[in-house]
2 protein chains.
Amino acid sequence: MRGFALFASLSKRRLITVSLKRYCSVSSKYAANSYEKVLKGIGISNSVREAQYAVRGEVPTRALQIEEELKQGNKRPFDHIIFCNVGNPQQLANPPISYVRQVLALCDYPELLSSSQFPSDAKEHAKRILASAGKGGSGAYSNSGGVSCIRQDVVDFIQRRDNHESSVNHVFLTNGASDGISLIMKLLIASSNTGVMVPVPEYPLYSALLSLLGATPVRYYLNEDNNWSIELSELERSYETFEKAGIAISGIVLISPGNPTGQILERSNLEQIIDFAYRKRLVILADEVYQENVYTKQKKFVSVKKVLREMPSKYQDVELASFHSASKGFYGECGRRGGYLEVTNFSDEALEQLYKLASINLCANLNGQIAMSCITRHPRQGMPSYPRFEEERSNLLSSYARRAEMIQTAMNTLEGCSCNQVEGAMYAFPKISIPQKAQQVAKEQGKHPDVLYALSLLEHTGICVVPGSGFGQKPGTFHFRTTILPPEEDFPKVMTAFQKHHEWFLNKYQG
Amino acid sequence: MRGFALFASLSKRRLITVSLKRYCSVSSKYAANSYEKVLKGIGISNSVREAQYAVRGEVPTRALQIEEELKQGNKRPFDHIIFCNVGNPQQLANPPISYVRQVLALCDYPELLSSSQFPSDAKEHAKRILASAGKGGSGAYSNSGGVSCIRQDVVDFIQRRDNHESSVNHVFLTNGASDGISLIMKLLIASSNTGVMVPVPEYPLYSALLSLLGATPVRYYLNEDNNWSIELSELERSYETFEKAGIAISGIVLISPGNPTGQILERSNLEQIIDFAYRKRLVILADEVYQENVYTKQKKFVSVKKVLREMPSKYQDVELASFHSASKGFYGECGRRGGYLEVTNFSDEALEQLYKLASINLCANLNGQIAMSCITRHPRQGMPSYPRFEEERSNLLSSYARRAEMIQTAMNTLEGCSCNQVEGAMYAFPKISIPQKAQQVAKEQGKHPDVLYALSLLEHTGICVVPGSGFGQKPGTFHFRTTILPPEEDFPKVMTAFQKHHEWFLNKYQG
């Protein structure tokens with residue numbers, strides 16, 4: 001009966017529609033009588049629909065829902081979500097560096113320059129930036145590449161770090177490293193069959209950008225058994241496979257210290273990659289945003305730029321783009337969206353196009369630019385702000401090192417779980433074995449097995465991690481990424497919750 | 001002799017190269033002996049090479065050079081460049097609104113919350129944002145759509161303005177309006193034959209984005225004779241032309257108040273456009289960043305959202321994206337790169353994809369988000385900051401109105417020059433007649449005639465405007481865009497310089 005009524009009503013509507021159509025076609029050549037939405041199904045860009053970004057994907061989205069439910073009084077075995085999905089240090093109560101915040105406040109409200117609440121070096125720093133930025137200070141668009149004295153700060157920082165020349169014309173300030181990476185990708189994707197080599201596991205920004213630009217990610221696997229090193233034979237394998245498939249490969253991405261994998265690439269490994277780029281004619285994209293997050297005493301961060309400059313002369317034309325950020329290190333100023341991009345060996349033509357591209361968005365936000373100035377020109381010994389700065393810096397870095405150690409130790413005690421040493425960055429990426437039965441259940445739910453695991457962990461403990469499938473992993477292996485950022489004093493509790501859930505999960509699905 | 005030596009040395013180098021090549025081919029299968037740069041010529045993305053962005057193009061680039069030359073002591077008939085190319089108010093000494101700067105400083109350095117240097121309402125404002133942003137305050141990534149209380153501020157602002165409902169789930173905070181426009185364009189360009197209708201003259205961001213996304217700008221001319229109105233017949237003409245050429249047109253951009261044209265579109269005109277979008281199944285992109293820059297008493301700004309909501313029910317599915325910014329209005333906080341995007345009638349699927357897209361860049365910078373909070377939740381009557389706020393606001397807006405009047409009057413006195421009323425925004429876009437002889441000279445130099453004019457103006461007076469060809473104009477007509485932003489006290493001098501150069505230019509090329 002109900003079905004019939006519905007049918008009748010539909011028929012009636014169709015009747016009206018037909019009459020209306022006839023009426024409209026009289027009143028106006030183009031008249032329609034209904035508007036069908038454009039942005040649905042294939043009306044939405046396919047590249048957008050295909051782009052994946054797991055760091056804020058299914059598991060974190062569920063975490064936000066649970067957080068909301070908790071606020072509304074729903075009871076759970078935990079009272080808040082522990083967000084280990086994003087490297088967002090300050091959100092997990094890792095404090096900011098006071099000097100950075102002081103200079104930012106002084107630039108935003110220069111009336112404070114006469115206040116006694118600020119140290120003299122922070123005031124000098126702010127005055128110098130305001131003089132260079134011009135009358136509008138932090139409220140005006142800067143040059144498309146950034147405020148000139150801040151570009152100079154970046155150049156000085158790079159030269160101190162590498163002992164090799166840099167130039168303001170090769171430095172662009174960006175809205176976080178992501179923005180700089182996006183600029184270079186846009187420049188590099190010359191046609192629809194362009195490919196760029198990206199590591200697996202990778203920070204998923206790269207594949208997402210390639211998808212948005214209609215290009216192909218040419219994936220190469222990191223060697224988990226050798227602490228996530230890059231193997232030349234694997235680069236050759238991947239390159240050849242995609243080359244044979246007709247892909248024109250024009251770049252290679254490397255991330256060191258690694259995200260999500262935490263390794264620091266050795267100089268000899270970087271030399272191999274530079275030689276590979278030289279032989280295959282590839283632009284190198286060096287993601288070095290974690291360069292100040294090194295926890296092992298056995299290794300030091302070395303920039304790709306420095307290694308390149310110290311190789312024989314034949315390599316001195318290899319094109320390189322290096323990225324840095326205000327969001328990581330011990331600064332953790334994620335909310336600023338500050339970053340820089342340094343290009344090496346770019347042609348004048350490429351520089352000109354890059355400048356134009358940067359101009360289309362006018363400039364990077366000044367607050368982020370100023371944060372980059374503070375990071376590259378931080379207080380030195382003898383300056384009034386140095387003692388506080390140094391104390392804040394060393395407290396954070398030593399605590400991160402302890403947390404990295406704790407997390408990898410804890411992971412390695414879990415049954416069927418192994419975790420490489422977290423040498424740097426802000427993440428552990430342990431491998432977990434997932435019982436066949438759990439894999440079967442996941443399959444039935446149309447989920448990756450590691451998504452099933454991560455969702456289960458979230459629902460039972462409130463700990464939010466990102467499944468390994470969001471970063472890519474060798475087929476048949478399962479991982480997750482967790483940050484090392486929860487407060488140090490919470491670690492025993494968090495690790496116990498982790499362990500308990502892991503045992504419960506294995507029990508549930510084993511045998 | 002010198003030539004011969006060079007030749008000999010070249011031959012020697014070639015010899016070495018050949019031997020090296022032979023050596024390398026033995027030592028490694030892939031060895032090459034030189035690296036040819038990737039990023040040059042067709043190695044650089046064609047879409048990037050084709051994108052144009054005149055606001056920072058040839059003329060402004062030359063202006064920066066001259067500025068540098070002046071600093072180095074070169075003599076000119078002027079002592080500094082007057083940048084009228086970018087709507088960058090604070091750079092031209094238009095002061096910021098103190099309240100905005102206070103809240104920004106308080107959020108960046110919360111130790112100031114105990115300082116007596118700040119009014120209580122600014123402190124309350126900052127505390128509310130910090131509570132909503134969570135532990136990291138302005139130093140942490142926010143939700144991909146923005147800090148939740150700031151999204152609510154935007155919703156309240158829209159509801160007060162329009163008297164129609166909005167929702168936090170439909171509001172995204174962005175890095176300036178440009179970023180929001182770019183998000184929607186990415187969503188909308190479903191294939192390589194997608195087209196989006198853009199006005200001519202237009203703010204060139206739109207064509208640049210379409211070029212970068214490989215889509216077609218479907219250009220429609222504004223009617224200069226009717227104060228830059230949008231004519232339905234012209235929309236139909238443009239649509240049909242491109243539709244016949246096989247372009248799938250999926251959106252229409254309108255800018256009101258106009259950039260570069262300064263007009264305010266009437267409600268009846270907006271109704272026509274909404275009806276057109278309804279009939280043609282187009283998403284409307286409404287660029288309303290100048291909504292608080294209205295100088296005529298005859299017209300009021302009305303948002304497309306409001307007009308849409310007050311049309312008959314059949315229109316209530318038309319998809320609309322509206323953009324606003326912290327950079328314009330009387331705030332002029334360009335350096336913040338703050339903005340918002342409101343979507344109306346978007347499907348859940350489109351919202352989900354938009355959220356994912358926003359997530360790939362993590363979030364808009366917090367400083368810009370906070371600026372948007374100050375703009376949408378500014379001091380009200382009775383609050384401690386209101387008197388200062390109101391004085392700053394009305395001083396700036398009334399001065400802008402006087403400057404708009406002065407500039408259009410001055411332009412209309414120039415020989416062969418006519419300028420529509422600057423009803424709003426920050427620009428005048430006068431039409432100039434350029435003598436045949438000048439057009440000939442321009443042709444010989446491979447330049448647009450209006451570029452020749454603008455370069456000449458720059459070299460002789462230091463005034464930097466953008467040639468009309470950078471925005472598009474009817475063939476055979478010439479224009480330039482100048483901001484109304486130079487300091488009011490400089491206006492007589494600037495206008496005199498303008499006039500003198502104009503006469504000189506006509507004399508030089510006439511007869």
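Q: What is the volume of the largest cavity?
A: In this predicted model, nine cavities of 30 Å³ or more are present. The largest cavity has a volume of about 410 Å³.

Q: Which residues lie nearest the centre of the largest cavity?
A: Helices H7 (176-188), H8 (205-212) and H12 (348-360) of chain A, together with H7 (176-188), H8 (205-212) and H12 (348-360) of chain B, each give two or more residues to the lining. The lining residues divide into twelve nonpolar, six polar and six charged. Of the 24 lining residues, those nearest the centre are Asp179(A), Asn361(A), Asp179(B), Lys186(B) and Asn361(B).

Q: What relation superposes chain B on chain A?
A: Chain B is brought onto chain A by a rotation of 180 degrees with 0.0 Å of shift along its axis, at an RMSD of 0.0 Å. That is the relation of a two-fold axis.

Q: Which residue of chain B comes closest to the rotation axis?
A: The copies meet through the same surface, because 100% of the interface residues of chain B are also interface residues in chain A. At a C-alpha distance of 2.1 Å, the residue of chain B closest to the rotation axis is Ala105(B).

Q: Are Tyr53(B) and Tyr203(B) buried or exposed?
A: These residues form an edge-to-face aromatic pair, with 6.2 Å centre to centre and 80 degrees between the planes. The pair links distant parts of the chain, 150 residues apart. Relative accessible area is 4% for Tyr53(B) and 11% for Tyr203(B). Under 20% counts as buried, so Tyr53(B) is buried and Tyr203(B) is likewise buried.

Key:
Residues are numbered from 1 along each chain as its sequence is written. Chains are lettered from A and ligands numbered from 1 in the order in which they are written. This is a predicted model: local features need pLDDT of at least 70, side-chain atom pairs count only at pLDDT 80 or more; totals for chains, interfaces and linings use all residues. Side-chain values use heavy atoms; hydrogens and water are left out. On a 1 Å grid over the protein atoms alone, a cavity is a set of points where a 1.4 Å probe fits but cannot get out, and a pocket is an open set with protein on both sides within 12 Å along at least five of seven lines; lining residues have an atom within 4 Å of a point. Grid points are joined across faces, edges and corners, and a volume is the space filled by probe spheres set on the points. Helices (H or I, at least four residues) and strands (E, at least two) are DSSP runs, numbered from the N terminus. Ala, Val, Leu, Ile, Met, Phe, Trp, Tyr, Cys and Pro count as nonpolar, Asp, Glu, Lys and Arg as charged, and the others, Gly among them, as polar. Copies are superposed by least squares on the C-alpha atoms of residues with pLDDT of at least 70 in both. Contact means heavy atoms within 4.5 Å. Rings of Phe, Tyr and Trp (its six-membered ring) pair if their centres lie within 6.5 Å; planes under 30 degrees apart count as stacked, over 60 as edge-to-face and the rest as tilted. Buried means under 20% relative accessible area, exposed over 50%, partly exposed in between (1.4 Å probe, protein chains only).
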